[in-house]
Amino acid sequence: MKWGVVVFPGSNCDQDCVYVLKNIFHQDVETQWHEERTLGKVDAVILPGGFSYGDYLRSGAMAAVSPIMQDVIRFAKCGGLVVGICNGFQILTECELLPGVLLRNASLKFRCEDVSLALSTSREPWQKRFSGKKTVSYPIAHMDGNYFIDNEGLKELQDQDQILFRYVQNPNGSIDRIAGICNAKGNVIGLMPHPERACERILGGEDGKLFFESLL
Amino acid sequence: MIAKVYITLKNGVLDPQGQAVQKSLHLMGFQGLSSVRLGKYIEVCFEDSISKEKAKEELKSMCEKLLANTVIEDYRIELP
């Protein structure tokens, strides 16, 4: 597969994603600067973590209207795989490819720690990939990870099996302990935890590999 | 012409920052507060050539597209 990793001013997990895809999964990867207008020929796009535009106005708000996002939105609407991690998740909600919004953590504290997550969807290939694990451990590092959606929207997520991951213990106040979701079609994915930081034993664990294996 | 844009959280959206400020105000001895909610105030300066009508239209579009997240926020525009 050919992957595009979009780099915004303030992104800081782009190279982690490139490293994991290239060195661990032997994928074809290129980075794309946010000012470009087209993604080029890619099979999947990652919006990485970081603090695009310094989190000014709202986390992800300005990145969501940067030039390349028009093409990311077109790509997603054509069924292309788009994955937003942390700040990338915030960008996906801001550009309305995913429903809801990520508010300031209920504790008002930046949370930087490993968390346990449970796979919540029965969608494939997620079920199959995660079948051997009751929970996985991924790091989080965010200030605005408190997922919020109105009751109607929450019911829709639940009814359509769009909640991919839930926190075992809620670190940020997210409604229904939501850590990651997908759109109804399943081709747009957003999550606050960082699977790309958990793909090698030397970094504390390899659970993140299950996430990427579910996308390949 | 300077336009004023007020962005406020919708009712029902939890505002932990507002709650923290309220708690501090309470600890300082201010009594009788039922809630404190934080918002944003934005000034947008238009060139003289832009009419008030046009500015109003543009501001609405700015709020819908970027300045506010209408999932959780309301906005109010004031023109002189």
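**Exercise 1. Determine how much area is buried between chain A and chain B, and which residues of chain A lose the most of it.**

Solution. The area buried between chain A and chain B, meaning the accessible area (1.4 Å probe) that two parts lose on being put together, summed over both, is about 1200 Å², and carbon and sulfur atoms give 70% of it. On the side of chain A, the residues that lose the most area to chain B are A:Leu57, A:Arg58 and A:Leu108, which together account for 41% of what that side buries. The model is predicted, local features need pLDDT of at least 70, and side-chain atom pairs count only at pLDDT 80 or more, whereas totals for chains, interfaces and linings use all residues. Residues are numbered from 1 along each chain as its sequence is written, chains are lettered from A in the order in which they are written, and side-chain values use heavy atoms, with hydrogens and water left out.

**Exercise 2. Identify the salt bridge between the two chains, and place its chain B residue in the sheet.**

Solution. The count between chain A and chain B is one salt bridge, defined as a side-chain nitrogen of Lys or Arg within 4 Å of a carboxyl oxygen of Asp or Glu. A:Arg58 forms a salt bridge with B:Glu73, and the closest N and O atoms are 3.6 Å apart. B:Glu73 lies in β3(B), where it is the bridge partner of B:Leu9. Strands here are DSSP runs (E, at least two residues), numbered from the N terminus, and two of them pair if DSSP finds at least two bridges between them; β1 (residues 2-9) of chain B and β3(B) pair in the antiparallel sense over six bridges.

Notes. Helices (H or I, at least four residues) and strands (E, at least two) are DSSP runs, numbered from the N terminus.
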